[in-house]
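I opened this entry to note what I looked up, one contact at a time.

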2 protein chains.
Amino acid sequence: MDKSILKKVNLFSDLNDDELEKIYSHSTIKKFNKGEMIFFETEPYNGFYIVIEGSVKIFKISKDGREHVIHFIFPTNTFAEAPLFEQYDKIIREEFTYPANSMALEDDTKLILIRSDVFYGILEKNKNISLKMLSGLSKKLRHLNNHIDSISQGVSKGLAIYLLKELEKSGNKDKNIIELQISKHDLASYIGTIDETLSRCLKKFQENKVISVKGKTIHILQKSVLEKTVKL
Amino acid sequence: MDKSILKKVNLFSDLNDDELEKIYSHSTIKKFNKGEMIFFETEPYNGFYIVIEGSVKIFKISKDGREHVIHFIFPTNTFAEAPLFEQYDKIIREEFTYPANSMALEDDTKLILIRSDVFYGILEKNKNISLKMLSGLSKKLRHLNNHIDSISQGVSKGLAIYLLKELEKSGNKDKNIIELQISKHDLASYIGTIDETLSRCLKKFQENKVISVKGKTIHILQKSVLEKTVKL
DNA sequence: GAGTGACTTTGACTTAAGTCAATCTGAAAA
DNA sequence: TTTTCAGATTGACTTAAGTCAAAGTCACTC
């Protein structure tokens, strides 16, 4: 694997090559195929992950089997790092569990597992890394704030919000094209609904010439209508 | 005001009296009456708060006016601390906003405002405080994870989850009595619904002899039924 | 190029929850 | 004690979204 990926990980951006090398040598590379579970929320916590290639979803499963996606994670981003700071003693004794479930979304998804004890070692010698962590967690917190808000406003709004955010991320300001990074099933469960309802909602937008959908490619025809949908 | 409250603030538990004194002398005490806004999410960020007395809700307002409560904050707890770590430069120039709205829930709610620059000063000299912060943010993150899950499962489940959590918090294992800390309106908006629906749901539980409600006092008559409701 | 299987769409139906408007309750004020 | 008013409840109704079952689409394999 290419070690240079570690340099692109925000969390490690202040570390020098020696330190990165140390992390690399103490960590484990793991590979997953599409649909494979990375961890369950019932499982003892033993460290956090960095996505190298592919993508991952973090989700809860309700007792009736429905799943609720909380985050999608893409390369250079970390996940499951928050438990490290909740109960130091319990983490060490592996008496703490993961906060949710996670699954690989693509074949050949490559992850680095940083074990708790390895991370605590890094932290000892690089106190500044805690600021990076704070920055990362703060962003996730803000994201969840917004997410909670958006799912409690119904499917159309939730979808409109998602589409607009994706459009902004893509940066293709002129083209008004989104390439979905995730399956429609995962999108549905992310915006807090089920496949059928998402399908109908996409159809409704298409009938009104607001968007056009072809597989995972979505053309935004009338951005203004989406914005209006969000605002009521 | 009694400075000793600062000692009870988890975030400051490692600081000595001198440092606490310094924080105290550099911070502002603010008082609010019930229903008064502490900050809006449109407002430039200038620091975070500690609740001394009373209580506070953190919430989003959707464009149609409905509100969605994300957190309730009680004495010795902090709120609005996450933005400090998101964009240092923007925070300094006050070009960053609060992540949500907040309102006092009781008359004579007393808060301490710690301005961003004051906090950065503390952080400089007490790197360990960042670990306390991480711990606090991690807990909020876990809370939000669970909250997202619970609101997307319908009102009955959401209510059952809330009641069981409150029962656990109260510690009165024998008594099976909950004293609601918040209004029914705020409870409704916390579990993602409206006053009428909450009212009907409470009624339904009462008709089935699962709970009995008298003002803000709720007797849990059949904990097992609530647990069953959560599990489907 | 037919066949398999996962993903997606559609239709008919049921159910949960929101809306609007009216009424009730109980604590504080006069 | 009566008045007042915010908070809470109820009823009748509408609407959004979930359920179930069937059929369609598309990319692979054989």
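**Chain B against chain A**

I began with polar contacts between chain B and chain A and got 12 residue pairs, both residues at pLDDT 80 or more. A polar contact here is a pair of N or O atoms within 3.5 Å; within protein, one must be able to donate a hydrogen and the other to accept it, and residues adjacent in sequence count only if both atoms are side-chain atoms.

Next I checked which elements of chain B give two or more residues to the side touching chain A: they are β5 (67-73), α4 (129-151) and α8 (223-231). Helices (H or I, at least four residues) and strands (E, at least two) are DSSP runs, numbered from the N terminus. α4(B) gives the most, with 18 residues. I sorted that side of chain B by class and wrote down 18 nonpolar, 12 polar and 11 charged residues. In this sorting Ala, Val, Leu, Ile, Met, Phe, Trp, Tyr, Cys and Pro are nonpolar, Asp, Glu, Lys and Arg are charged, and the others, Gly among them, are polar.

A note on the ground rules: this is a predicted model, so to speak of local features I need pLDDT of at least 70, side-chain atom pairs count only at pLDDT 80 or more, and totals for chains, interfaces and linings use all residues. Residues are numbered from 1 along each chain as its sequence is written, chains are lettered from A and ligands numbered from 1 in the order in which they are written, and side-chain values use heavy atoms, with hydrogens and water left out.

I also looked up the extent of the contact (heavy atoms within 4.5 Å): 41 residues come from chain B and 41 from chain A. About 3,800 Å² is buried between the two chains, 65% of it from carbon and sulfur atoms. Buried area is the accessible area (1.4 Å probe) that two parts lose on being put together, summed over both.

How many salt bridges cross the interface of chain B and chain A? I found 2, counting a side-chain nitrogen of Lys or Arg within 4 Å of a carboxyl oxygen of Asp or Glu. E86(A) pairs with R142(B) in a salt bridge, with the closest N and O atoms 2.8 Å apart.

**Inside chain A**

Chain A splits into domain 1 (5-150) and domain 2 (154-230), with bounds from an automatic or database domain assignment. Their centres, taken over C-alpha atoms, are 28 Å apart. The two domains of chain A bury about 1,000 Å² between them, 55% of it on carbon and sulfur atoms. R66(A), F72(A) and S150(A) supply 42% of the area that domain 1 buries against domain 2, more than any other three residues.

I found 1 salt bridge across this interface. The side chains of K57(A) and D186(A) meet in a salt bridge at 2.6 Å, N to O.

**DNA strand C**

Last, I went to the DNA. I listed 15 residues around DNA strand C, the closest being G154(B), V155(B), T193(B), T197(B) and R200(B); a residue is near the strand if one of its heavy atoms lies within 4 Å of it.

The side chain of T197(B) has an N or O atom 2.9 Å from a phosphate oxygen of DNA strand C.
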